[in-house]
Amino acid sequence: MADGLKLGLAGIGTVGGGLLRLIEAHAGALAERAGRPIEVIAVSARNKRKKRDVDLSGVRFVQDPIKLATDPEIDVFVELIGGEEGIAKEAVETALRAGKHVVTANKALLAHHGPNLAALAEKHGVALNFEGAVAGGIPVVKVIREGLQGNDITRVYGILNGTCNYILTLMEREGRSFADVLKEAQEQGYAEADPTFDVGGFDTAHKLALLTSLAFGTRTKFDAVYVEGIETITPADIEAADDLGYRIKLLGVALRTDSGIEQRVHPTMVPKDTAIANVDGVSNCVAIDGDFVGDVMLIGPGAGGGPR
């Protein structure tokens with residue numbers, strides 16, 4: 001078997017921990033499929049001593065993610081720091097310039113700088129992969145890039161944030177207020193201490209921008225995405241929708257129109273008898289309309305390290 005593929009991991013949060021556990025649990029199968037062993041040999045994080053639910057005893061710690069990005073021992077730099085600017089952007093750019101393949105789950109970074117980073121990767125002859133950045137447990141990037149290349153895609157839309165879907169599901173089932181369910185979501189670990197990024201629709205908008213670029217082969221301007229969150233949804237709104245035969249879901253929608261590509265994120269009334277209306281809890285879904293394949297819908301967990 002060929003020499004191992006050595007990974008440097010920047011960021012050991014929920015997704016990073018999930019990746020480490022996955023590699024450990026399926027090391028043999030991954031090595032067989034890839035033709036060589038895959039191992040994380042170095043990590044970087046803000047706090048080396050923080051207690052984590054993964055074993056890092058055999059992994060080298062690198063304090064500075066920029067140094068990790070140029071580490072001569074790694075083949076692939078995995079960026080899970082997050083954020084559209086700052087250290088995440090600098091580390092990814094540094095890794096690409098150093099000739100390292102990059103894997104990232106950073107949808108904010110890609111939504112704002114994806115085309116430039118892709119050009120940098122091409123210039124240095126390395127790969128920039130980001131399957132985990134959009135509905136992480138659903139292989140939608142590969143489906144659009146490869147499986148649907150023979151189709152003219154006219155629309156892509158879906159439920160792209162598990163936190164919002166969880167909140168709306170419980171509000172409907174139990175008749176509770178947004179604030180009450182949000183508090184429970186935070187206690188369950190489905191929502192951040194500051195949930196604005198999720199409930200305000202911005203997380204969905206970042207993912208939608210990536211899907212739009214992939215589906216329509218165009219550069220997208222994130223600022224042009226209309227964004228509306230779920231903060232103002234009340235039990236009365238949900239009850240009124242129910243009386244009319246609808247359920248309320250936060251959708252990200254991108255479609256081709258005569259005047260260009262339209263992108264929007266907002267709460268939407270969807271008929272109860274549709275598949276998307278019945279995607280509940282922390283699940284995500286992505287629907288794609290193609291001229292030959294028709295309507296394709298992918299449903300699954302939103303992230304690899306746990307529901308998101």
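User: A cavity is a set of grid points where a 1.4 Å probe fits but cannot get out. With that in mind, how many cavities of 30 Å³ or more turn up in a search of the whole structure?

Analyst: Keep in mind that we're looking at a predicted model. The search covers the whole structure and uses a cut-off of 30 Å³ or more; the number of cavities it finds is 1.

User: Which element gives the largest share of the lining of the largest cavity?

Analyst: That cavity holds about 40 Å³ of space, and its lining includes Asn165, Leu168, Arg247 and Ile248. Two elements, α7 (162–174) and β9, each supply at least two of the lining residues. The largest share, 4 residues, belongs to α7.

User: And how many of the residues lining the largest cavity are charged?

Analyst: Glu172, Arg247 and Lys249 are among the residues in the lining. Split by class, the lining has 3 nonpolar and 2 polar residues, and the charged count is 3.

User: Let's move to pockets. Why does the second largest pocket lie between domain 1 and domain 2?

Analyst: This pocket has a volume of about 370 Å³. Of its 16 lining residues, the closest to its centre are Gly114, Pro115, Ala118, Phe130 and Ser213. It lies between the domains because its lining takes residues from both domain 1 (5–133) and domain 2 (142–301).

User: Which element supplies the largest share of the lining of the second largest pocket?

Analyst: By class, the lining has 9 nonpolar, 5 polar and 2 charged residues. Two elements give two or more residues each, α5 (107–123) and α10 (202–216). The largest share, 5 residues, comes from α5.

User: Now the strands: which ones sit at the edges of the open sheet?

Analyst: The sheet has 6 strands with mixed pairing, in the order β8-β10-β9-β7-β11-β12. An edge strand pairs on one side only, and that picks out β8 (226–227) and β12 (294–301).

User: What is the bridge partner of threonine 257 in β10?

Analyst: Strands β9 (residues 246–257) and β10 (residues 260–271) run antiparallel, joined by 12 bridges. Threonine 257 lies in β9, and across in β10 its partner is glycine 260.

Notes: Residues are numbered from 1 along each chain as its sequence is written. This is a predicted model: local features need pLDDT of at least 70, side-chain atom pairs count only at pLDDT 80 or more; totals for chains, interfaces and linings use all residues. Side-chain values use heavy atoms; hydrogens and water are left out. On a 1 Å grid over the protein atoms alone, a cavity is a set of points where a 1.4 Å probe fits but cannot get out, and a pocket is an open set with protein on both sides within 12 Å along at least five of seven lines; lining residues have an atom within 4 Å of a point. Grid points are joined across faces, edges and corners, and a volume is the space filled by probe spheres set on the points. Ala, Val, Leu, Ile, Met, Phe, Trp, Tyr, Cys and Pro count as nonpolar, Asp, Glu, Lys and Arg as charged, and the others, Gly among them, as polar. Domain bounds come from an automatic or database domain assignment. Two strands pair if DSSP finds at least two bridges between them.
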